[in-house]
Each structure stands twice: as structure tokens, then as C-alpha cells.
Amino acid sequence: MPSNTSSNKAVVPEAKGALDCFKYEVANELGVPLTDGYNGNLTSKQNGSVGGYMVKKMIEAQERQMSSGSQGSQQY
């Protein structure tokens with residue numbers, strides 16, 4: 001695969017703006033100097049911490065939503 005194409009496709013393209021905003025909020029919380037555009041000056045650890053914390057917060061939000069809904073009405 002050519003290096004200038006990405007296989008990372010958004011499932012819900014309309015959410016891109018909200019996810020970008022969330023990413024900058026998380027980076028700010030963690031003290032990672034994330035800027036719009038190229039961020040090649042950041043380490044893998046810094047970038048990974050932003051992504052990892054985003055996932056953690058999304059899982060926590062989903063768990064809260066699931067626990068506050070009607071208990072036992074959904075079967076997985």
C-alpha cells in the first residue's frame with residue numbers, strides 16, 4: 001500500500017469534528033502540546049497517551065450511559 005494513503009476510515013464521518021475537538025481537550029488535560037497540522041515534534045508516548053486517554057474516557061461515558069438506562073432490558 002502506498003505510504004500516502006490511509007486505511008483509517010471513519011465509521012461516522014459526521015463525528016470527525018467532535019472527535020477532533022475531543023482530542024484537543026484531552027491533549028490539553030494531559031499537557032501535550034498538540035497543534036493543528038503537523039505534530040512531528042511529539043513523541044510516540046505523548047501521542048499514545050492522548051489516544052489511550054480518549055478511549056478510556058469514551059468507555060467510561062458509555063458505561064455510565066449503560067448503567068443509567070433501564071437495567072436488564074438489553075441483552076448482549
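First, the ground rules. The model is predicted, so local features need pLDDT of at least 70 and side-chain atom pairs count only at pLDDT 80 or more, while totals for chains, interfaces and linings use all residues. Residues are numbered from 1 along each chain as its sequence is written, and side-chain values use heavy atoms, with hydrogens and water left out.

Now the layout. The protein has two helices and zero strands. Helices here are DSSP runs of H or I with at least four residues, strands are E runs of at least two, and numbering starts at the N terminus. Helix α1 covers residues 16–30, and helix α2 covers residues 44–68.

How do they cross? Their axes come within 9 Å and cross at roughly 110°. Axes are lines fitted to C-alpha atoms, for helices over the stretch in contact, and angles run from 0 to 180 degrees between N-to-C directions. The two helices are therefore roughly perpendicular (65 to 115 degrees; under 35 is roughly parallel, over 145 roughly antiparallel, the rest oblique).

Which residues meet? From α1 come Leu19, Phe22, Lys23, Val26, Ala27, Glu29 and Leu30. From α2 come Ser49, Val50, Tyr53, Met54, Lys57 and Met58. Contact means heavy atoms within 4.5 Å. Take Met54: beyond its neighbours within four places in sequence, Met54 touches Leu19, Phe22, Lys23 and Val26.

Next, the inside. Of the 76 residues, 12% count as buried (under 20% relative accessible area; exposed is over 50%, partly exposed in between, with a 1.4 Å probe and protein chains only). The largest nonpolar core has eight residues: Phe22, Val26, Ala27, Val32, Leu34, Leu42, Val50 and Met54. Such a core is a set of buried Ala, Val, Leu, Ile, Met, Phe, Trp, Tyr and Cys residues joined through side-chain atoms within 4.5 Å. Helix α1 gives the largest share, three residues.

Last, Gly52. Gly52 sits in α2. Gly52 is partly exposed, at 40% relative accessible area. Its C-alpha atom lies 9.9 Å from that of Val26, 26 residues away along the chain.
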